[in-house]
Structures are given as C-alpha cells and as structure tokens.
Amino acid sequence: KDMYKDSLLVTSETKSILDLNKNFTLSSNTPLDSIKKDLIKLTDKDTLDVPFTIGLDRSKNEAEFVFEKTEENSYKLELLPEAIKDYVGNVNDTIQFKFVTKKLTVYGTIFLTLENVKTYPVVVQLTDKNEELVVKKEATSYETIVFDHLDPSEYFIRILFDTNNNGVWDAGNFLKGMQAEEVKHFPEVIDVRANLEIKQTFILE
C-alpha cells in the first residue's frame, strides 16, 4: 500500500462536452474507497444547484454522477477537499470540472425494429466504421429499439444472440462442446444526420 501514498489523481474522460444520454464519470489512478456527497456541489450556468446521485463502481474504479441534464447548458462540478478517498487513505484537494451540453437538434436518432428474431435476449450494438462499439442496447422481446442523441456519423448495426444472458459475446469452448454465440451484421451503413430520425427494419435471416 505504501506505493500508493500521496498519489491520488482524479480524472474524467469528459473533457468539455457531455452528451445528453451519458452520465458524468470520474476515475482515479488508485482504487477508490469512498465518496462524500456533502462535499460535492454541482451547479448549472445560472449557478443553481443541480440535484444528483452518485454510484461508486469499485470493479471499474469509477464514480458516476447521475442528474437531469438540459440542452445547451453548462455545468460545474466542484469537489471539496476529502470528498474522495482511496483505499490507502489518500484524499483529494479541491477539484473543479466544467462541461457543457449541446442542442438536441445536433443529434440524430435511429428507431430500429428487428424481425424474425429466433431467440431472445439479443444485444444490439451500434459500431463505427472501425467496428468500435459506440453504444449498445439489450432487447428481451419484440420492441422498437431507440438509439438517440447520436452524433452525426456513419454507423453499423451488429446483433449478438446472447444465449447465456450475460450481456456480452462469448467465443465458445471447443473442449466443452460450446459453440460461439451467433452474430448478425446489418448489410448497409446507417448515415445519421443532425436533427434526423431514421426508422430502420432489420430482417434476420
């Protein structure tokens, strides 16, 4: 534990813009132990207090701040000294994070319907042109799956048949006679544009 003494560094992947469908998260370079909400303040552009809740995920070493976001707003998150403590007792000094939200009209939306689904649940993923995951949703029955607050870009749809219901794709195990979970790819690129709603049907064959 001595190697972690006096080395607590709190950072966020949110640099300046927070998407309306995402929560603000903090992480640290050492394992987090506790967070004191009464030493944390969140305000908007009118310097009004914004109610929030905090979820601490020790497995990811992240703290997630959940609050109601509004478009074209600016926020300041201030952590007073000792608001965060790691597992060896290191605490933070005063930290401030500032970020903004964009207008709703800069985003696009995909309404996706799946037909001929053999079994549920399925994991529906949107990926970029490099097949990197952008966002995913799980469907447990026939429904319209909504991907909102999407930045204008080209997206691809990937369907994972989650036979063991663990939320991820499993490659299978030859020794145990387990096959890899099935994956389906929508054959066309989805071109999402600002302030545009796309209704798409994916017929699985």
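Analyst: Let's begin with Thr 14, which touches Phe 24 and Phe 99, leaving aside residues up to four places away in sequence; contact here means heavy atoms within 4.5 Å. Keep in mind that this is a predicted model, where local features need pLDDT of at least 70 and side-chain atom pairs count only at pLDDT 80 or more, while totals for chains, interfaces and linings use all residues. Residues are numbered from 1 along each chain as its sequence is written, and side-chain values use heavy atoms, with hydrogens and water left out.

Thr 14 sits in the loop between β1 (10-11) and β2 (24-28). Strands are DSSP runs of E with at least two residues, helices are runs of H or I with at least four, and both are numbered from the N terminus. Thr 14 counts as buried because its relative accessibility is 16%; buried means under 20% relative accessible area, exposed means over 50%, and partly exposed lies in between (1.4 Å probe, protein chains only).

The structure holds eight aromatic pairs. One of them joins Phe 24 and Phe 65 edge-to-face, at 6.3 Å centre to centre and with 65° between the planes. Rings of Phe, Tyr and Trp (its six-membered ring) pair if their centres lie within 6.5 Å; planes under 30 degrees apart are stacked, over 60 edge-to-face, and the rest tilted. Phe 24 lies in strand β2 and Phe 65 in strand β6 (residues 62-66), so this pair ties together parts that are 41 residues apart in sequence. Both of these residues, Phe 24 and Phe 65, are buried.

Phe 24 also pairs with Phe 99: the ring centres are 4.6 Å apart and the planes are at 15°, so this pair is stacked. Because Phe 24 belongs to strand β2 and Phe 99 to strand β9 (residues 95-100), the pair ties together parts that are 75 residues apart in sequence. Phe 99 is buried, as Phe 24 is.

The charged end of Lys 37 sits over the ring of Phe 52, 5.1 Å from its centre, and the charged end of Lys 69 sits over the ring of Phe 67, 5.0 Å from its centre. Here a charge sits over a ring if NZ of Lys or CZ of Arg is within 6 Å of the ring centre and within 35 degrees of the ring normal.

β6 gives the most to the lining of the largest pocket, with three residues. A pocket is an open set of points on a 1 Å grid over the protein atoms alone, with protein on both sides within 12 Å along at least five of seven lines, and lining residues have an atom within 4 Å of a point. Of the 21 lining residues, Asn 21, Lys 22, Asn 23, Glu 64 and Val 134 are the closest to the centre of the largest pocket.

Definitions and conventions:
On a 1 Å grid over the protein atoms alone, a cavity is a set of points where a 1.4 Å probe fits but cannot get out, and a pocket is an open set with protein on both sides within 12 Å along at least five of seven lines; lining residues have an atom within 4 Å of a point.
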